[in-house]
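Here's a quick tour for anyone meeting this structure for the first time. Take a look at the sequence and the model, then read on.

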Amino acid sequence: MSGGPILVVGGGIGGLGAALALARAGYPVRLVEKARQFGEVWAGIQLGPDVFAMFDRLGLRGAIEEAAVRPEALDMRCALRDQMRAGAARVHGGA
Ligand SMILES: Cc1cc2nc3c(=O)[nH]c(=O)nc-3n(C[C@H](O)[C@H](O)[C@H](O)COP(=O)(O)OP(=O)(O)OC[C@H]3O[C@@H](n4cnc5c(N)ncnc54)[C@H](O)[C@@H]3O)c2cc1C
């Protein structure tokens with residue numbers, strides 16, 4: 001590839017993931033983010049088990065596991081009726 005670095009616009013999960021994957025593949029990358037600083041926005045997010053395959057590929061699993069909080073229990077409920085959702089898993093003892 002000729003020319004300058006690949007420009008990635010936006011430093012959210014998508015942009016940071018793309019920039020990291022491109023950089024690990026040997027491409028020069030420039031990432032621009034309009035926010036003045038990175039930080040927590042509103043809330044943490046739940047990540048399903050399938051995303052850990054990608055963390056492994058990006059070499060991020062150790063850092064993520066250090067920062068992550070693991071719920072001790074998880075109930076999936078209907079927001080309208082406050083009932084356990086049919087077929088939902090109830091997980092206890094760590095997820
Ligand atoms: C309250 C809340 C709870 C959520 N909970 C979960 C959850 O539990 N599990 C889950 O998987 N997902 C969750 N999500 C969704 C998840 O956070 C988003 O899907 C994900 O963060 C989107 O990432 P993104 O990189 O595509 O976009 P964004 O995170 O929106 O990133 C886009 C970035 O681009 C920047 N940008 C925009 N325009 C420009 C520009 N012109 N120049 C430079 N920078 C620019 C923005 O400032 C931003 O930083 C939640 C979302 C919210 C709001």
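**Starting at a loop**

Gly 12 sits in the loop that links β1 to α1. Keep in mind that this is a predicted model. Gly 12 makes a handy way in, as it is among the closest of the 15 residues that surround the ligand.

**Around Gly 12**

- Phe 38 is 26 residues away from Gly 12 along the chain, and their C-alpha atoms are separated by 9.0 Å.

**The ligand's surroundings**

- Besides Gly 12, the closest residues to the ligand include Gly 10, Gly 14, Lys 34 and Ile 45.
- Which helix gives the most to the shell around the ligand? That's α1, which covers residues 13-24 and puts in 3 residues.
- Sort the shell by residue type and you get 7 nonpolar, 6 polar and 2 charged.

**The chain as a whole**

- The protein chain has 3 helices and 4 strands.
- Follow the sequence along and these elements come in the order β-α-β-α-α-β-β.
- The chain runs to 95 residues, and buried residues make up 2% of them.
- Take the contacts with a separation of 6 or more: 24% of them are between residues 24 or more positions apart.

- Strand β1 (residues 6-9) and strand β2 (residues 29-32) run parallel, and 4 bridges join them.
- For one of the partners, look at Val 8, whose bridge partner in β2 is Leu 31.
- How does the span of α1 compare with what its 12 residues should give? At 1.5 Å a residue the helix should span 16 Å, and its end C-alpha atoms are 16 Å apart, so the two agree.
- Just past the end of α1 comes Gly 26, with a positive phi of about 100°.

**A closer look at Leu 7**

- Leu 7 belongs to strand β1.
- Why does Leu 7 count as exposed? Because 10 other C-beta atoms lie within 10 Å of its own, and the cut-off for exposed is 12 or fewer.
- Setting aside neighbours within four places in sequence, Leu 7 is in contact with Arg 30 and Val 32.
- Ala 19 is 12 residues from Leu 7 in sequence, with 8.6 Å between the two C-alpha atoms.

Notes:
Residues numbered from 1 in each chain as written. Predicted model: local features only at pLDDT ≥ 70, side-chain atom pairs only at ≥ 80, totals over all residues. Near = placed C-beta within 6 Å. Helix = DSSP H or I, 4+ residues; strand = E, 2+ residues; numbered from the N terminus. Nonpolar A, V, L, I, M, F, W, Y, C, P; charged D, E, K, R; others polar. Buried ≥ 20, exposed ≤ 12 C-beta atoms within 10 Å, placed from the backbone. Contact = placed C-beta atoms within 7 Å. Pairing = 2+ DSSP bridges. Expected span 1.5 Å × (residues − 1).
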